Amino acid sequence: MTRSADAPTTRELAQRLLAHEAVDAGGAVPDTQAVCRVCDKLRRPLTTLAGAAGFRSLLARALTLAKQESPVLGAWEVKPDGSLQSLSGEAAQAGAVLIAQLIGLMITFIGESLTLRLLHDVWPDLPGSETNFGRNQSK
Amino acid sequence: MNEQSKVKINQLPTGVPGLDEILGGGLPEFSFNIIAGAPGCGKTTLAHQFIFANATVERPALYFTVLGEPALKMLRYQQQFTFFDAAKLNNAVRFVNLSQDLVERGLQGVLEEISKQVEAANPSIVVVDSFRTVLRSEMHEGTNMAVQTFVQQLALLLTSWEATTFLIGEYSESEVRDNPVFTVADGLFWLFQQVDRNSVVRKMQIMKLRGQASVPGLHTFRITEAGLQAFSRTLGLVGQRKTYSTVRRLSMGIPTLDEMMGGGVPEGDSLLIAGSSGTGKSLMATQFLAAGIRAGEPGIAAVFEERPNEYTARATEFGLDLQTPLAEGSLEVIYLRPLDLSVDEMMQEILDAVKRTGAKRLVIDSLAGFEMALAPSFRTDFRESLYRMIFALTAIGITILSTLEMPETFTELSFSSYSISFLTDDIIRMRYVEIDGELCQIMMVVKMRRTAHSREIRKYQITTDGIVIGERLKNYVDLITGIPQPVSVLRSEELLLNRKV
């Protein structure tokens with residue numbers, strides 16, 4: 001079974017989110033801070049939907065799945081308050097894998113349509129959102 | 001207080017088919033309501049239907065989740081319903097998680113957070129799911145006053161902010177007494193899920209509704225992919241039966257039978273055709289429907305023992321064309337055999353078909369099949385339910401013909417094993433008799449309310465042209481027992497007896 005996180009569109013979306021956050025922070029290339037910022041921005045809507053503990057569980061699950069693909073994330077962890085403890089370095093490249101896993105989990109639970117709507121609420125001005133957000137209205 | 005000075009309470013559509021009618025028009029605006037019931041009985045789905053039917057971006061719905069089902073899972077499942085509108089999410093319908101507030105700051109923290117969110121969003125609807133978990137966290141010795149104060153403050157806040165509120169909780173009926181929540185509530189919706197043998201029946205009761213008259217009693221409801229659908233006990237048909245200064249007679253499609261009935265069946269009557277298997281009850285019912293179609297009166301057949309195509313195909317064998325009116329929409333054949341049906345659902349089906357077709361005639365073929373299609377728990381109330389249904393349908397001018405299979409006995413003539421003859425205005429009895437070593441069929445008009453009718457017992461035959469009624473059987477006695485005696489034999493015996501004396 002192909003997981004939603006493995007789909008090229010999910011990976012591409014994760015990379016665009018990271019690039020967007022990197023630019024917002026004045027950088028050119030996504031770094032670990034961009035990964036943390038994406039996670040932090042997703043924390044609010046996901047806490048609303050799943051509670052603080054629920055968000056922490058989702059992020060922890062996403063990190064576990066991401067570590068299987070990118071062992072360089074091995075030292076990363078989710079702190080009790082739901083924030084991400086990251087280490088700088090080449091692991092930043094694997095950040096997109098983590099974000100893709102988190103988005104993949106959202107798609108698994110509430111479907112692509114609702115997931116894209118939630119992401120659109122958080123990043124309404126994300127470049128390319130017209131073509132990618134809400135492109136598939138399936139449940 | 002005159003009518004003009006009274007405050008007008010607006011009624012909001014619930015989004016649940018049939019429920020507005022049960023509530024007496026809709027849900028009172030700004031009311032503070034509780035949806036209670038055991039797990040899995042449809043409480044959350046009911047609330048979701050209401051919010052998706054009413055919430056707007058300008059006046060959104062705030063859906064507070066507490067320690068129960070998180071919104072993430074709620075969305076996963078609720079989006080499967082057709083009423084779910086993803087476009088409303090996060091603008092017209094907003095979810096807020098209060099778990100943290102409850103855990104860290106208790107009731108006061110929950111109240112403060114709800115106040116903050118309500119003041120910021122200006123919602124028209126507020127739902128707290130599950131409210132029970134909010135209170136349970138504080139339900140221990142010496143905290144009743146705190147709970148009561150919390151409920152009152154919450155009700156005051158939400159009403160002041162002109163919000164219509166639903167508190168959802170898993171309560172049992174024994175908790176209704178002395179519970180401050182129920183005292184404060186304007187409306188109390190109780191959902192039940194009853195298991196009887198292998199079937200499950202869902203029912204709801206409006207135990208309390210301030211400001212307007214709801215339909216009392218238990219109403220069945222069903223949950224489908226469209227959400228809840230409720231079936232009012234009365235389906236709004238509580239009016240008086242129509243009285244006609246001149247009763248119109250409807251042809252049965254069998255001229256001789258019309259004569260026997262004094263000109264046909266009176267419009268708006270309930271007619272029962274009783275007889276054993278193979279006596280032609282269904283055929284007579286089909287001829288009744290076909291006669292209506294020919295006269296420009298649309299009809300409905302509710303069949304339980306054969307499928308619609310079988311039903312119309314059988315009619316064709318007797319030269320009756322039901323396929324054409326079926327295709328044109330002047331005839332509907334309702335076929336329901338779910339085995340957990342309620343009479344109210346059947347009635348709703350019929351009423352919907354009446355609206356679609358403008359039907360004047362209804363055939364129920366047969367009552368035994370109808371009863372078999374009901375969930376076991378409804379079968380015990382079959383007579384009472386049938387009474388409500390027949391009364392309601394005849395009240396709107398529908399003429400009903402029901403067939404009833406009777407066990408054939410050769411010692412007596414019973415009209416109904418169900419003792420439902422009191423439900424009917426008119427009764428026709430068909431049965432087998434043995435005459436001269438041959439199994440023959442006879443019929444008689446046993447009862448015609450308010451009208452004169454033939455008392456004759458007639459022999460009849462089932463032909464390719466339908467039922468053909470013959471002459472009165474004059475030369476036999478004890479016909480209704482099924483084992484008649486020729487009069488000539490009796491006379492001979494009488495003469496013989498007289499000679500001996």
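Me: How many residues does the contact take from chain A and from chain B?
Reply: This is a predicted model, in which local features need pLDDT of at least 70 and side-chain atom pairs count only at pLDDT 80 or more, while totals for chains, interfaces and linings use all residues. Residues are numbered from 1 along each chain as its sequence is written, and chains are lettered from A and ligands numbered from 1 in the order in which they are written. Two residues are in contact if their C-beta atoms, placed from the backbone, lie within 7 Å. On that basis, chain A gives 15 residues and chain B gives 15 residues.

Me: Which elements give two or more residues to the side of chain A that touches chain B?
Reply: Elements here are DSSP runs numbered from the N terminus, helices being H or I of at least four residues and strands E of at least two. Those that give two or more residues to this side of chain A are helix 2 and helix 3 (95-122) of chain A.

Me: How does the side of chain A that touches chain B divide by class?
Reply: Ala, Val, Leu, Ile, Met, Phe, Trp, Tyr, Cys and Pro count as nonpolar, Asp, Glu, Lys and Arg as charged, and the others, Gly among them, as polar. The division is 6 nonpolar, 6 polar and 3 charged residues.

Me: What is the relative orientation of helix 1 and helix 2 of chain A?
Reply: Axes are lines fitted to C-alpha atoms, for helices over the stretch in contact, and angles run from 0 to 180 degrees between N-to-C directions. The axes of helix 1 (residues 8-24) and helix 2 (residues 32-69) of chain A come within 9 Å and cross at roughly 110°. Angles of 65 to 115 degrees count as roughly perpendicular. Helix 1 and helix 2 of chain A are therefore roughly perpendicular.

Me: Which strands stand at the edges of the open sheet of 9 strands in chain B?
Reply: Two strands pair if DSSP finds at least two bridges between them. The sheet has mixed pairing and the order 16-15-17-18-14-19-20-21-22. Each edge strand has a single partner, so one side of each is left without a neighbour in the sheet. The edge strands of chain B are strand 16 (331-335) and strand 22 (466-472).

Me: Which residue of strand 18 of chain B is the bridge partner of Ser270(B)?
Reply: Strand 14 (residues 270-275) and strand 18 (residues 399-405) of chain B run parallel and are joined by 6 bridges. The partner of Ser270(B) in strand 18 is Ile400(B).

Me: What percentage of the residues of chain B count as buried?
Reply: A residue is buried if 20 or more other C-beta atoms, placed from the backbone, lie within 10 Å of its own. Among the 501 residues of chain B, the buried share is 44%.

Terms used. Angles under 35 degrees count as roughly parallel, over 145 as roughly antiparallel, 65 to 115 as roughly perpendicular and the rest as oblique. A residue is buried if 20 or more other C-beta atoms lie within 10 Å of its own, exposed if 12 or fewer, and partly exposed in between; C-beta atoms are placed from the backbone.
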